[in-house]
Amino acid sequence: MTKNHIHYFHNKTIHKIVFFLFMSAIFIGSMFIASDNADAATKDYAGFKKAVISAYKNYKTVVDVKSFKLYKNADSADIKNVMTEVINETPYLFYTGQSYSKEIKVTTNQITRIFLTYSKEYKKADGSVDKDKIKKTRAKIDKEIKSAMKLVNSSMTSVEKAMVFHDYIISSTEYSNASSKPNRNSECGVFLDHMANCQGYSLAYGILLEKAGIPVDYVTSEKMSHMWNLIKIGGKWYNVDVTWDDPIDSKSKKDQYGLVRHEYFMGSTSYFKKHDHSGFSASKASSTVYDNKYWKKVDSAFQYYNGKWIYLNSLGIMKRSDISTGSASKLYSVKGKSLIRFNSSKYYFIANNSIYLYDVKSNTARVVWKTSSKYSRSYYITQIKYSNGKIYYRVLNGSKHTSGSLKVKSNGCAA
């Protein structure tokens, strides 16, 4: 089944129930009392969460939680919820572990301390936290984020910025939930390895949006074993599932070159529930303004050129002044797919079982490569991407994909 139907996120992406298996308790005191202290003050879960995040950010392994008035029997489930939120939904905490322990005072059942764990990739041989490695990794992430932020500018609307980051992550990241990819659950998977699962996609997207001043929240569904974003634009919240807009190929089970969907970009909760999402609550995303937007049927990335937006749909290559308002004009009529950037004014696309290069300045397109130049008539080109002077493609023969590449010259034509 394709990725846009089932997503698995394991290890650091822990269901709330999973924490039960990784939680242990240490009892202190001389006498055990079965019931919690009836005179306990109001619980401070927000303060508790803030303290845990602060401890992780300062590489601590113990958090004093006595002031938050948390008790064993009454608060265990809520503590698990908070710890899951901290580990799953807090950007930049890519080094956290998958378990925690509680210290409990037996005379009152009060939880006094929380013991934190760290990922083995960020621990030294003696078991201590490897602060230097964490800082070096963070510096690499920040460098990639800085580069991604250059894709947007102050003239763009919030919707346009959200679209740019959505398309950037899909275009640069391959979905993977393989255990051999330890960074798949965090923003490291997107920014450093370019391979991640839904948690990595969501955290990376959240980081970029917050950098652009767009409020972000996270949605998890234990039923789906899945995670995505809520974003706030114009005072309204919307669901965005970047992962499901980057589906794997049903035949090759690999990432699809050039395919950038927008079916799950800015939808209401009712829309998402009608489109295969379940087992979640996101009532604040009630606005249906974008539920039937034209981009739901656009399967290519939006390209920014000279203050305009260029994209490919069923009619051809289109242009818009604003992504979310106004109307589109058709630049070039073609039944094609996969509009891929070569440079600021030239883009590759697939049509007539060939690769074309479109020049927006002259509004012309020329054939760069024909499938028939290398393969028999039974082969059809289905996917392309461009990187570092090469076009990478996949051709399909029956149910089997074959991959290849061709070098291109400085003008974009085949070498």
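Visitor: Which side chain makes a polar contact of 2.6 Å with the side chain of Glu103?

Guide: A polar contact is a pair of N or O atoms within 3.5 Å; within protein, one must be able to donate a hydrogen and the other to accept it, and residues adjacent in sequence count only if both atoms are side-chain atoms. Here the partner of Glu103 is the side chain of Thr112. The side chain of Glu103 also joins that of Arg113, in a polar contact of 2.8 Å. This is a predicted model, in which local features need pLDDT of at least 70 and side-chain atom pairs pLDDT 80 or more, while totals for chains, interfaces and linings use all residues. Numbering starts from 1 along each chain as its sequence is written, and side-chain values use heavy atoms, without hydrogens or water.

Visitor: Is Glu103 buried or exposed?

Guide: Glu103 has 10% relative accessibility, so it counts as buried (under 20%, with a 1.4 Å probe and protein chains only). Glu103 belongs to strand S3, residues 96–105; a strand is a DSSP run of E with at least two residues, and a helix one of H or I with at least four. The C-alpha atom of Glu103 lies 7.9 Å from that of Phe115, 12 residues apart along the chain.

Visitor: How do I read a sheet, and what is the order of strands in the one containing S15?

Guide: Begin with pairing, which takes at least two DSSP bridges between two strands. This open sheet has four strands in the order S15-S16-S17-S18, paired antiparallel. S15 (337–341) and S18 (364–370) each have a single partner strand, so one side of each lacks a neighbour in the sheet. Three bridges connect S15 with S16 (346–351), and Ile340 sits opposite Tyr348 in S16.

Visitor: How many residues lie between S19 and S20 in their hairpin?

Guide: Two, and Asn388 in that turn has a positive phi of about 50 degrees. S19 and S20 (390–397) run antiparallel, joined by seven bridges, with Tyr380 partnered by Leu396. S20 then pairs with S21 (400–407) over eight bridges, also in the antiparallel sense, and Arg394 has Ser403 in S21 as its bridge partner. The hairpin of S20 and S21 has two residues between the strands as well, and Gly398 there takes a positive phi near 70 degrees.

Technical notes. Buried means under 20% relative accessible area, exposed over 50%, partly exposed in between (1.4 Å probe, protein chains only).
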